[in-house]
Amino acid sequence: MARILAGCAEAHANIALIKYWGNRDHRLNLPANGSISFNLDALLTRTLVVFDPKLTEDRLVINGQERRREEHRRMQRILAWVREKAGVYHYAHVISATNIPMAVGLASSAAAFAALALAATKALGLHLDERDLSRLARRGSGSAARSVPEGFVEWRVGTRDEDCYAFTLFPADYWELWDCIALVSTRPKPISSMEGHRLAETSPIQWARVADTPRRLEVCRNALRNRDFNALADIVEQDAHLLHAVMQTSTPPLFYWEPVTVEIMHTVRQWRKEKGWNVCYTLDAGPNVHVICTGDMVARVQEALEAIPGVQQVLVSRVGKGARVLPTHLCMDLAQQGRIPTHWL
Ligand code: PMV
């Protein structure tokens, strides 16, 4: 029997402090602007990739269910690249398990494509360094480039494929920040972020947001370096407002906010201004609010968010590590979910 080639890896979601929105190259996901994020330790995806000479097409199983949609097409971009590089042309079983609610604007795709890039390259014996792995993950979903390195991460805008990758600005334990994610809706997004990136350039203010990004990146880097929460809060909220201003002025407009989204935004600013709490908010392509706070605040922020009517659940996460390879014996449960014989691992 021909050799079965398997690799397994895990990666975390990330939350952007300075957002990526719009591409200069949609095929390679070369972004319109640089971005900064931190990984979310509590939001995790684990993926097993098995290249199998007997398969007649690629399979994708997420949380025990076979998938045949958008994710499947984007997965092909990564698998095609890996097969070409390794000169191995078998189809693959891709079996993934995640605790991240999908398609609700929680960047489930970032963790998914970072884990996939690492597991697939490992399966075929390719040893990519962190930079090249980040570039590969980027092809699946731009923000996945940022889930490869650990901790607080910057994704360089770059000039071409080769210099467009993410790297660690500060390790995960540099500053004890937390993300308290107020879930106000788990309805799937009507428009994927992939389509959203294409709409960005239809907004008459996208160019101004992009032109100002080097300044916001610099302010954010300095705020992180100095662990200066007030400086961080101002730039993070301004950046989120700019992102949503672009979304709301695209054609067609993307309007993600619910009434409770706006209420949380006001309330968080009040907590900061009136109570002196170290809290600020940011929002991705969805109505859920990411409330960033320092470690000493987490319990009270979580409790206070849960008390707001319309908040369904609050997920909390500290800053996380980067993507990592797992020994295949730790991925037996994934093999079972994908109905793959465990003796293959
Ligand atoms: O990587 P994508 O295509 O899911 O885009 C992510 C876009 C935002 O979450 C809105 C911003 C960001 O930088 O994560």
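How many nonpolar, polar and charged residues are in the lining of the second largest pocket?

## The second largest pocket

The lining of this pocket has seven nonpolar, two polar and three charged residues, where Ala, Val, Leu, Ile, Met, Phe, Trp, Tyr, Cys and Pro count as nonpolar, Asp, Glu, Lys and Arg as charged, and the others, Gly among them, as polar. The structure is a predicted model, in which local features need pLDDT of at least 70 and side-chain atom pairs count only at pLDDT 80 or more, while totals for chains, interfaces and linings use all residues. Residues are numbered from 1 along each chain as its sequence is written, and side-chain values use heavy atoms, with hydrogens and water left out.

The second largest pocket holds about 160 Å³ of space, and of its 12 lining residues Arg-187, Pro-188, Pro-190, Glu-258 and Pro-287 are the closest to its centre. A pocket here is an open set of points on a 1 Å grid over the protein atoms alone, where a 1.4 Å probe fits, with protein on both sides within 12 Å along at least five of seven lines, and lining residues have an atom within 4 Å of a point.

## The ligand and its shell

Among the 13 residues around the ligand, those that come nearest are Tyr-20, Ser-141, Ser-143, Arg-146 and Ser-193, a residue being near if one of its heavy atoms lies within 4 Å. By class, this shell has four nonpolar, six polar and three charged residues. At least three residues come from each of domain 1 (6-173 + 321-344) and domain 2 (177-318), with bounds taken from an automatic or database domain assignment.

Polar contacts (pairs of N or O atoms within 3.5 Å) reach oxygen atoms of the ligand from a backbone N or O atom of Tyr-20 at 2.9 Å and from a polar side-chain atom of Ser-141, also at 2.9 Å. The protein buries 94% of the 380 Å² that the ligand exposes when taken alone, by the Shrake-Rupley method with a 1.4 Å probe.

## The disulfide

The structure holds one disulfide, defined as a pair of cysteine sulfur atoms within 2.5 Å. This link joins Cys-8 to Cys-331, with an S to S distance of 1.9 Å, and is left-handed, with -90° about the S-S bond.

How values were computed. Grid points are joined across faces, edges and corners, and a volume is the space filled by probe spheres set on the points. A polar contact is a pair of N or O atoms within 3.5 Å; within protein, one must be able to donate a hydrogen and the other to accept it, and residues adjacent in sequence count only if both atoms are side-chain atoms.
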